[in-house]
Amino acid sequence: MISRLTGKLIEKQPPQIVIDINGVGYEVDVSMQTFYQLPPLGETVKIYTQLVVREDAHLLFGFATAAERATFRQLVKVGGIGAKTALGILSAMSAEELAQAVAQEDIKRLSSAPGIGKKTAERMILELRGKLAAAPSDTLSAPLPADETDDIISTLLALGYNEREARTAVKGIAPGTEVGEGVRLALKNLLK
């Protein structure tokens, strides 16, 4: 799986960007939330990614933050929501706004996203309740020490833990810890 890309931003045509990494251009679909945070063309960009394999294509989706990617991963698990629809939802509202709308059971706000009707909004509330991280609390918003921590958190999210559990589990893991070892230690922390 491709977890993250860092390279030179060479094209920006919403919702797609192209990132040049050592002469290879990666085409990535991004949410408008991410698109507006991109640096100018020619600058270095770091994007968290999710590879979606379909029968007819391999698609790479990109996100400015690991939290936005985690939200995307939860959205595509909801029946009736595909990758493009999930990207549309994250273009219409931030991950924090989505978490708040789900927590408040705000069907009107959810159904304002493109491709989402009342029934899908109700299904989102039912299936996502408690799985989306709301805006990080002060205790969880401390800066992450290294990219390895992001990878450890991403792995925990892929294993089904929510953002809050993953961030809590990586506390106390020394910066620079190898990802495999970090995941093992985080899982051990979760079992305490």
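Analyst: Start with exposure: a residue is called exposed when its relative accessible area is over 50%, buried when that area is under 20%, and partly exposed in between. The model here is predicted. With a relative accessible area of 60%, D56 is therefore exposed.

User: Which residue forms a salt bridge with D56?

Analyst: The general idea is that side chains of opposite charge can pair when their charged atoms come close. In this structure the partner of D56 is R54, and their closest N and O atoms are 3.1 Å apart. R54 has a relative accessible area of 39%, so R54 is partly exposed.

User: How many salt bridges does the structure hold?

Analyst: There are five. One of them joins D29 and K84, with 2.6 Å between the closest N and O atoms. This pair links distant parts of the chain: D29 lies in strand β3 (residues 24–30) and K84 in helix α3 (residues 83–92), 55 residues apart.

User: Is D29 buried or exposed?

Analyst: D29 is buried, because its relative accessible area is 4%. K84 has 46% relative accessibility, so K84 counts as partly exposed.

User: What does R109 form a salt bridge with?

Analyst: R109 pairs with E97, the closest N and O atoms being 3.5 Å apart. This pair also links distant parts of the chain, with R109 in helix α5 (residues 107–110) and E97 in helix α4 (residues 95–103), 12 residues apart. R109 is partly exposed at a relative accessible area of 28%, and E97 is partly exposed at 34%.

Conventions
Residues are numbered from 1 along each chain as its sequence is written. This is a predicted model: local features need pLDDT of at least 70, side-chain atom pairs count only at pLDDT 80 or more; totals for chains, interfaces and linings use all residues. Side-chain values use heavy atoms; hydrogens and water are left out. A salt bridge is a side-chain nitrogen of Lys or Arg within 4 Å of a carboxyl oxygen of Asp or Glu. Helices (H or I, at least four residues) and strands (E, at least two) are DSSP runs, numbered from the N terminus. Buried means under 20% relative accessible area, exposed over 50%, partly exposed in between (1.4 Å probe, protein chains only).
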